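Reader: I'm new to this and I'd like to learn how to read a structure. Could you show it to me and take me through it step by step?

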Amino acid sequence: MLSPNAIRNIIGIIGNVLTFGLFLSPVPTFWKIWKRKAVEDFSPIPYLATLLNCALWVFYGMPFIHPNSLLIVTINGFGFVVEALYIVMFFIYGKRKIRLKMLAILLAEIIFMVAVILIVMLVGHNHDIRTKIVGSLCVIFGTIMYGSPLSVMRLVVKTKSVKYMPFYLSLAGCLNGIDWTIYGFIHFDIFVVLPNGIGALLALCQLILYGCYYKSTPVEDEPKGELELPTTMPHIET
């Protein structure tokens, strides 16, 4: 029989695979940007927000913050690199106004992360205190990001169309949330369970809405392969 640690590791690996797919879901969008040499109306805000969220989770998973969290570090480290590449694309093909706005946000994020690291390392004299401080920030940002599809869900109800809510992205988000919630329950970690549990419920609501409004969506409005992260921002959590 597998030990709880072995089961936790297996679930964490599955979660890494699912989250890996979610991080790469905007690739068709950036392929379009690269071909057209313009970002058009796509917003950099979700990617900047995801970058900060990944940075927080990588910090949370460090051995001196929350030991035995390697799988959280690996997937969020990957996510950090991917989001950085997306942001570089915005710098290359975005207009000057967008680039200046992004620079201001990036500067604010760097200052925020430096402040968090300094406060945690100076105030947190043990793992428990450090975990609570960084974990609380992860929950706040993770919940905000998982709540971002609410605006899309309102649009679905208003238009009776699922054009802006791709089924497979919602399904992957639901499975991802469930997987990481289970991962957090095995060696109970409220900071992993809470945002991912909320995310799983919201993604399930999206799937229910999809079932309700798919038939009323005009053929020309059916979701295409091109995906963009929600314009409000996880969260893809890991």
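Author: Happy to, and let's start with a term: a residue is buried when its relative accessible area is under 20%, exposed when it is over 50%, and partly exposed in between, using a 1.4 Å probe and protein chains only. Asn196 has 0% relative accessibility, so it counts as buried. Keep in mind that this is a predicted model, where local features need pLDDT of at least 70, side-chain atom pairs count only at pLDDT 80 or more, and totals for chains, interfaces and linings use all residues. Residues are numbered from 1 along each chain as its sequence is written, and side-chain values use heavy atoms, with hydrogens and water left out.

Reader: Where is Asn196 found?

Author: First, the general idea: helices (H or I, at least four residues) and strands (E, at least two) are DSSP runs, numbered from the N terminus. Asn196 sits in helix α9. From C-alpha to C-alpha, Asn196 and Gly15 are 11 Å apart in space, while 181 residues separate them in sequence.

Reader: How many helices and strands does the chain have?

Author: There are nine helices and zero strands. Reading along the sequence, you get α-α-α-α-α-α-α-α-α.

Reader: What share of the residues counts as buried?

Author: Of the 238 residues, 47% do. A nonpolar core is a set of buried Ala, Val, Leu, Ile, Met, Phe, Trp, Tyr and Cys residues joined through side-chain atoms within 4.5 Å. The largest one here has 24 residues, and Phe59, Tyr60, Ile72, Val134 and Tyr183 have the most contacts inside it. Elements giving two or more residues to this core include α1 (4–24), α3 (45–60) and α9 (190–213). The most comes from α3, with seven residues. A second, separate core has 15 residues, including Ile33, Phe42, Val82 and Met89.

Reader: And how do I read the outside?

Author: Accessible areas come from the Shrake-Rupley method with a 1.4 Å probe; for residues, only the protein chains shown count as cover. The chain exposes about 12200 Å², with carbon and sulfur atoms supplying 74% of it. A salt bridge is a side-chain nitrogen of Lys or Arg within 4 Å of a carboxyl oxygen of Asp or Glu.

Reader: Which residues make the nonpolar surface patch?

Author: Ile110, Val114, Leu118, Ile119, Leu122, Val123 and Ile129 make it, and it covers about 640 Å². Helix α5 gives the largest share, six residues.

Reader: One last thing: what should I look for in the backbone angles?

Author: Most residues other than glycine have a negative phi. Lys37 has a positive phi, near 55 degrees. Lys37 lies in the loop between α2 (27–36) and α3 and is partly exposed, with a relative accessible area of 44%.

Reader: Where does Asn68 lie, and is it buried or exposed?

Author: You'll find Asn68 in the loop between α3 and α4, and it is exposed, with a relative accessible area of 68%. Its phi is positive too, near 60 degrees.

Definitions and conventions. Patch = residues over 30% accessible without salt bridge, like charges linked within 9 Å, V, L, I, M, F, W, Y side chains within 5 Å.
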